[in-house]
Amino acid sequence: MRWVRWLALLPFLGMLGGPFVLNRVTPLVLGLPMLLAWLVFCVLMTSVIMGVIYLCDPENRAADRAADPADRAGAGAGTGAGTGDAR
């Protein structure tokens, strides 16, 4: 699991190193200057990488296995709990 957490550095390094390498206007990517397109890509990849880290974490898999099947099926759906009713 430790090696997977190192993936979290990739977006940081991409956003930090991108301006030094990609600071130009001429290649437009979807109508955006290259640097802005790169930063948008880094933001999107941050979500993907955090999702991979979450899925690879053994504690999350253990919590899913230990959860009660009735909780996942929506038990208590008609009780008004958590619906915001202030009666």
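How many helices and how many strands are there in the protein? The protein holds five helices and zero strands, and from the N terminus on its elements run α-α-α-α-α. The coordinates belong to a predicted model, and every value below is computed from it. Of the 87 residues of the protein, 14% count as buried, and the accessible surface comes to about 7000 Å², with 68% of that area belonging to carbon and sulfur atoms. Among the contacts in the protein with a separation of 6 or more, 56% are accounted for by residues 24 or more positions apart.

**The nonpolar surface patch**

- Trp3, Trp6, Leu9, Phe12, Leu13 and Leu16 together make a nonpolar surface patch of about 740 Å².
- Helix H2, which covers residues 9-22, gives the most to this nonpolar patch, contributing four residues.

**Helix H3: span and buried residues**

- Helix H3 runs over residues 34-56, and its 23 residues, at 1.5 Å a residue, should span 33 Å, which agrees with the 32 Å that separates its end C-alpha atoms.
- The buried residues of H3 are Leu35, Ala37, Cys42, Ile49 and Ile53.
- What covers these buried residues of H3 includes helix H1, made of residues 2-5, and helix H2.

- Trp38 and Phe41 are three residues apart in helix H3, so they are separated by about one helical turn.
- Trp38 counts as partly exposed at 28% relative accessibility, and Phe41 is likewise partly exposed, with a relative accessible area of 42%.

- Gly14, whose place is in helix H2, is buried, with a relative accessible area of 12%, and, if residues up to four places away in sequence are not counted, Gly14 touches Trp38 and Cys42.
- Gly14 and Thr46 are 32 residues apart along the chain, and their C-alpha atoms are separated by 10.0 Å.
- Leu44 is found in helix H3 and is exposed, with a relative accessible area of 54%; Leu44 and Pro11 are 33 residues apart in sequence and 9.2 Å apart in space, C-alpha to C-alpha.
- Tyr54, also placed in helix H3, counts as partly exposed at 48% relative accessibility, and the C-alpha atoms of Tyr54 and Val4, which are 50 residues apart along the chain, are separated by 9.5 Å.

**A backbone angle to note in the loop between H2 and H3**

- Leu30 has a positive phi of about 55 degrees although it is not a glycine, and its place is in the loop between H2 and H3.
- Most residues other than glycine have a negative phi.
- Leu30 counts as exposed at 85% relative accessibility, because a residue is called exposed when its relative accessible area is over 50%.

Key:
Residues numbered from 1 in each chain as written. Predicted model: local features only at pLDDT ≥ 70, side-chain atom pairs only at ≥ 80, totals over all residues. Heavy atoms only, no water. Patch = residues over 30% accessible without salt bridge, like charges linked within 9 Å, V, L, I, M, F, W, Y side chains within 5 Å. Areas by Shrake-Rupley, 256 points an atom, 1.4 Å probe, with all protein chains shown as cover. Salt bridge = Lys/Arg side-chain N within 4 Å of Asp/Glu carboxyl O. Helix = DSSP H or I, 4+ residues; strand = E, 2+ residues; numbered from the N terminus. Buried < 20%, exposed > 50% of the residue type's maximum accessible area, 1.4 Å probe, protein only. Contact = heavy atoms within 4.5 Å. Expected span 1.5 Å × (residues − 1).
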